[in-house]
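Please walk through this structure with the sequence and the 3D view side by side.

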Amino acid sequence: MSISIDPLKCTACALCEEACSFRRDEAFSLLSSSIMLYRAQEKRNYLGLVLKLEDSLVLGRAEGVERASIGELAARGGGGASAKPILIREACDGCEGLEEPWCVRFCPTGALRKEVG
Amino acid sequence: MEFLFNGSMLLVDLGRKSCEEQPLPPDLLSTCLGGARANLALLQEFPSADLVLGSGPFTGLPVPGACLGVATWKDKERITHTPLHLFAGMELKLSGFDFVVISGASPEPLYLWLHDGIADLEPAGELPRDNWEAVDALRRELGDELVQVLVAGEGPCLGLGYWSSADRVGLGGAWRERGLRAVCSRGLGIIDAADPGAFAEACAGLVREVRDSLPEDLHGLEGIIGRLRGETFDYHLPLLHRRRSCFACPYDCNIFLKTEEDPSHMEAEGEEEPGLLLTDAQALWLLEEAGADLREGVRLLRRAARLGAYPAGAASIGVEATDRELVDASPGAWEAPGGPFSPWAAPRPLYEGGDWMERQALAYTLGICPQLMLLSPALGPEAFCGLLRSGMELELEPGELLRICLEVAD
């Protein structure tokens, strides 16, 4: 099971981050998630989502969805503004064993959906 | 252990330039729950203080609409509660302090920096009076673009980062006069629930219920205005770029309007400052009622945000206003039932049967957006009692919950 991102549906509520962190820690924070909201360019209202997989990152940007290797993104200095950059976080396992990933359950806009197969 | 809270508060004396961390008073949360109600109790416990920034039990958690921090201000005999929305309430709570109790005044400008359970009062003598420049300067100094800044600039209205806050009582001017130019926070804390699994399941269910309770075509400030007018929920706003939610909110009420760039431009590159995030339905309403050109109106509101002028007051005096006229503009207020709550949210519930005062009292005490409380009937005392049970091991009946929350309105 994997997760698809429709970035233009995202309204930057960050529920996905907190839900994913909860699944890791059984507590509430924004530090442990495998998905991260990019909200640094506030004056431009530019926002997006970054999902960490085992060997790559899915970048859900307003321009479209792109998959980048972790090495490539690290070389670009990417990973988003965070005290705990996405590159050092655990990879998404699609909430293995659960019917629906936590981030998808909490997403109120349909920006995140599960993909089977 | 204090479930759903950090368990600590900060006492700030601006005159002595001191910050002292203390555990929360015993029984504060079990008797007052948090938010505005707990802020009132802290003002009684610390009579030299006149300002408390507080969190509700749900602030910063995945409860729908749980973005809210509350600034409670005692000005002579009048006590008011100002909602701190967007990401400010969440970052404040996750910085490690549930409540910040402020007293005194400093002859020299200071800013308060809260992060990782640490508090510092720093000099702010060089901080620009323009709110946007001040936020940029603070984020550069603190090395983090996600720091949330409550900023007191030239005018009376507290700035919520770059954007206008829901302040209608002159918090910004009052902070500046006592030497407090900004409160900066960054939330990297971790909050525990008594029964984390049950609490998270209940949150997921409530997110779905709230989302399902909102009509599909209801979006943005224009949706709120449409409902107030009894007309079409959603109408075309020509400058609309994207709508945004506050933290944890299923409703995308904040609208980004681009005045300096094609609104359909979605790429990261482009104008540095292409527009304005508008969070104030009344300001948009007033611009429309006046028949103002929307682009010029939004430019006016952007000037107001930079100056720390009231957005609704700015909208009511027109696009030709000088900076001085903007700073001097009145708060502007819809005719709401009154009480100590900010008239920022809609003046009546936007669904059948709600009680405005009850909805506001619940919102300000529990840490839920007061606007969302007026939009969704799914957010009610029964649901909140369930969350308080699994989150804090508090056994409350809905009537008892309402009674505690409504003490804020007395």
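B:Lys17 is partly exposed, because 15 other C-beta atoms lie within 10 Å; a residue counts as buried if 20 or more other C-beta atoms lie within 10 Å of its own, as exposed if 12 or fewer do, and as partly exposed in between, with C-beta atoms placed from the backbone. B:Lys17 sits in the loop between β1 (8–13) and β2 (18–23) of chain B. Its phi is positive, about 55°, although B:Lys17 is not a glycine. Strands and helices here are DSSP runs numbered from the N terminus: E of at least two residues for strands, H or I of at least four residues for helices.

The model is predicted, so local features need pLDDT of at least 70 and side-chain atom pairs count only at pLDDT 80 or more, while totals for chains, interfaces and linings use all residues. Residues are numbered from 1 along each chain as its sequence is written, and chains are lettered from A and ligands numbered from 1 in the order in which they are written.

A positive phi also occurs at B:Glu393, a residue other than glycine, with a value near 60°. B:Glu393 lies in the loop between α14 and α15 of chain B. It is partly exposed, with 13 C-beta neighbours inside 10 Å.

Two packed helices are described by the angle between their axes and the distance between the axes. For helix α14 (residues 381–392) and helix α15 (residues 398–406) of chain B, the angle is about 95° and the axes are 9 Å apart. The axes are lines fitted to C-alpha atoms, for helices over the stretch in contact, and angles run from 0 to 180 degrees between N-to-C directions. α14(B) is therefore roughly perpendicular to α15(B), a label for angles of 65 to 115 degrees; those under 35 count as roughly parallel, those over 145 as roughly antiparallel and the rest as oblique. On α14(B) the contact is made by B:Pro381, B:Glu382, B:Phe384 and B:Cys385, and on α15(B) by B:Pro398, B:Leu401 and B:Leu402. Two residues are in contact if their C-beta atoms, placed from the backbone, lie within 7 Å. By class, this contact has six nonpolar, no polar and one charged residues. Ala, Val, Leu, Ile, Met, Phe, Trp, Tyr, Cys and Pro count as nonpolar, Asp, Glu, Lys and Arg as charged, and the others, Gly among them, as polar.

Which residue stands 5.2 Å from B:Ser390, C-alpha to C-alpha? It is B:Asp195, which is 195 residues apart from B:Ser390 in sequence. B:Asp195 is found in the loop between β12 (180–186) and α6 of chain B, and it is partly exposed, with 15 other C-beta atoms within 10 Å.

Helix α9 (residues 294–307) of chain B can be checked by its length. Its 14 residues should span 20 Å at 1.5 Å a residue, and the end C-alpha atoms are 20 Å apart, which agrees; the expected span is 1.5 Å times one less than the number of residues. Buried residues in α9(B) include B:Val298, B:Leu301 and B:Ala305. After α9(B) comes B:Gly308, with a positive phi near 80°.

In chain A, four strands form an open antiparallel sheet in the order β2-β3-β4-β5. Strands β2 and β5 (64–69) of chain A stand at the edges with a single partner strand each, so one side of each has no neighbour in the sheet. From one strand to the next, the twist averages 20°. Two strands pair if DSSP finds at least two bridges between them.

Why is β3(A) (residues 48–52) largely enclosed by the rest of the structure? Because five of its five residues are buried. Both faces are covered, with A:Gly48, A:Val50 and A:Lys52 on one side and A:Leu49 and A:Leu51 on the other. Four bridges join β3(A) to β2(A) (residues 35–38), and A:Met36 has A:Val50 as its bridge partner. Four bridges also join β3(A) to β4(A) (residues 56–61), where A:Leu49 stands opposite A:Gly60. These two strands, β3(A) and β4(A), form a hairpin with three residues between them. β4(A) and β5(A) pair over six bridges, and A:Leu59 is partnered with A:Glu66.

Between the chains, 37 residues of chain B are in contact with 29 residues of chain A. On the chain B side, α6 (196–213) and β13 (240–244) are the elements that give two or more residues, and α6(B) gives the most, with five. By class, that side has 21 nonpolar, five polar and 11 charged residues.
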